[in-house]
Amino acid sequence: MKSVKRNPTYSMFNPVVLLFCMMLGGDCKKSSIKENPPPTPDPSVAGDVLFYLTRGDRDVLFNRQNVKLVFSATGSATTTIEVDTTQTFQSIDGFGYTLTGGSASLLNSLPAATLDPLLKELFLWDSTNIGVSYLRISIGASDLSASTFTYDDMPAGQTDPNLTSFSIDKEKQDLIPILKKIVALNPAIKILGSPWSAPVWMKTTGSFVGGSLKPEYYATYANYFVKYIQAMKAEGITIDAITPQNEPLHGGNNPSMVMQATEQATFIKNNLGPAFSAAGIHTKIIAYDHNADKPDYPITVLNDAAAKPYVNGSAFHLYGGSITALTQVHDAYPDKAVYFTEQWVGGPGNFPSDLKWHVENLIIGATRNWSRNVLEWNLAADASYNPHTPGGCTTCLGALTISSTVTRNVSYYIIAHASKFVRPGSTRIGSSDAGNIVTVAFKNPEGKKVLIALNKGSNMESFNIKFNGKMVTTSLNGGAVGTYVW
């Protein structure tokens with residue numbers, strides 16, 4: 001991820017609000033979110049549809065609503081959203097976050113009495129927890145690690161082409177212990193690994209920042225991935241997929257590495273794919289892992305007939321371009337998957353704008369454009385947006401702020417609206433939009449229908465949900481998100 005990031009439609013907290021906060025002596029660096037306890041379900045208002053709501057004013061935060069929603073022959077609103085199970089699209093792998101090295105260290109610093117229920121809340125799937133089902137981790141350091149490292153660092157001037165010094169021991173302090181706890185809670189969780197840099201002795205710059213992989217080390221670097229997947233497996237952690245390089249067109253981060261599309265295709269077809277095959281590794285190889293403004297990159301990789309058989313799909317971020325680029329790549333290669341693997345929230349955050357933009361463009365937008373997952377960046381940071389490398393992101397707001405207390409920020413609720421009900425193995429189905437109400441719908445493995453709706457306008461809007469010829473009427477405040485399940 002980049003050291004400076006911007007969402008396409010907004011960037012920072014309203015300066016007037018920030019100034020007012022500072023005048024009042026508030027902690028203006030922290031997204032202070034009021035967390036309401038969920039209401040106790042009232043059996044007398046049980047209906048056909050379960051309804052969870054988050055409002056931009058934060059008065060309601062992913063709470064089950066005690067409102068009776070019953071399907072009938074007619075609806076009372078003029079606007080109608082229709083859900084159609086006869087239209088089917090992609091299957092869903094899951095929703096979640098990037099568990100950065102910094103996130104892991106912050107979580108691992110918590111006392112067991114705080115950590116254990118927090119991990120259950122995040123990763124268990126039942127009536128009281130949100131069921132995160134997909135994680136991304138960095139292979140070596142990301143810019144949200146406390147320092148830069150890979151799994152085969154050598155003194156300056158030395159190389160290790162046989163990888164005799166390869167070791168994941170640095171991850172045994174924080175990342176692996178946290179992952180083991182998560183896997184114990186959810187053994188089926190999918191984990192994607194992405195490197196920010198190869199060991200610097202393999203690179204043209206000999207530096208963690210920028211540079212590219214030297215061709216003479218392509219085979220060695222492929223073996224580096226093999227050793228990584230095997231070492232994690234030995235710890236009880238299955239890596240479901242990897243990308244060869246995080247943000248391969250951005251060489252200014254610390255760490256980072258540039259890998260052009262033709263270089264990635266060559267690496268995959270000649271080295272990485274054959275190395276996985278020879279080692280009996282079934283971990284998916286996902287191309288690109290960068291912004292939606294360059295759909296030509298994954299298409300170039302997939303256009304290589306020798307690389308394509310090894311590639312499961314393409315991954316995207318949205319710091320540039322349009323989310324519709326995912327459909328462009330899908331339409332070019334409909335037999336290949338599409339993934340959405342990263343989007344930040346810039347601290348201190350603007351809860352209503354962040355909620356609206358991320359739900360519209362990612363939870364709804366990415367999945368309506370064929371993505372099998374949606375991942376927010378990142379799971380946790382402290383109140384000062386630490387830890388990060390020198391030159392790494394200095395204002396990345398985690399889904400959690402971990403200090404003397406644990407605060408749930410906007411990304412927590414963005415993901416919760418999908419992860420709790422759109423379980424792995426769900427299928428996206430047809431749903432319409434109408435006016436300011438934008439939607440996406442799924443049928444989950446239990447056979448239940450899940451509609452996620454956003455009112456992207458400013459005023460409350462009532463609308464009907466139509467399914468199988470019957471309707472139920474509901475409403476959403478401006479900027480509010482509702483998940484409806486029946």
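Buried, as used in these legends, means under 20% relative accessible area, whereas exposed means over 50% and partly exposed lies in between, with a 1.4 Å probe and protein chains only. This is a predicted model, in which local features need pLDDT of at least 70 and side-chain atom pairs count only at pLDDT 80 or more, while totals for chains, interfaces and linings use all residues. Residues are numbered from 1 along each chain as its sequence is written, and side-chain values use heavy atoms, with hydrogens and water left out.

**View 1. Strand β17 and its two partners.** Helices (H or I, at least four residues) and strands (E, at least two) are DSSP runs, numbered from the N terminus. Strand β17, residues 449–455, is mostly covered, since seven of its seven residues are buried. In a regular strand the side chains alternate between the two faces of the sheet. In β17, Lys449, Leu451, Ala453 and Asn455 point one way, Val450, Ile452 and Leu454 point the other way, and all are buried. Two strands pair if DSSP finds at least two bridges between them. Strand β16 (residues 437–443) runs antiparallel to β17 and is joined to it by seven bridges, and one of the bridge partners is seen where Thr439 meets Ala453 of β17. The hairpin of β16 and β17 has five residues between the strands, and there Gly447 takes a positive phi near 90°. Strand β20 (residues 481–485) is also antiparallel to β17, with five bridges between them, and Leu451 stands opposite Tyr484 in β20.

View 2. Strands of a sheet pair through backbone hydrogen bonds, either parallel or antiparallel. Strand β4 (residues 94–98) runs parallel to β5 and is joined to it by three bridges, with Arg136 in β5 as the bridge partner of Thr98. Strand β6 (residues 190–195) pairs with β5 in the parallel sense over six bridges, and Leu135 stands opposite Ile191 in β6. Together, β5, helix α4 (residues 175–185) and β6 make a right-handed β-α-β unit; right-handed here means that, with the strands pointing away from the viewer, the path from the first strand over the helix to the second runs clockwise.

View 3. After α5 comes Gly236, whose phi is positive, near 90°. A nonpolar core is a set of buried Ala, Val, Leu, Ile, Met, Phe, Trp, Tyr and Cys residues joined through side-chain atoms within 4.5 Å. The largest such core has 116 residues, of which Leu99, Leu213 and Tyr228 touch the most other members, and α5 gives the most to this core, with ten residues. Apart from it lies another core, of 22 residues, among them Leu69, Ile81, Phe463 and Trp486.

View 4. A disulfide is a covalent bond between the sulfur atoms of two cysteines, and here the term is applied to a pair of cysteine sulfur atoms within 2.5 Å. The structure holds one disulfide, formed by Cys393 and Cys396, whose sulfur atoms are 2.1 Å apart. The torsion about their S-S bond is about 105°, so the disulfide is right-handed. Cys393 is buried, with a relative accessible area of 0%, and Cys396 is buried as well, with a value of 1%.

**View 5. Thr204 in its loop.** Thr204 lies in the loop between β6 and α5, and this residue counts as partly exposed because its relative accessibility is 48%. Leaving aside neighbours within four places in sequence, Thr204 is in contact with Gly211, Ser212 and Lys214. The C-alpha atoms of Thr204 and Trp125, which are 79 residues apart along the chain, are separated by 46 Å.

Note on methods:
Contact means heavy atoms within 4.5 Å.
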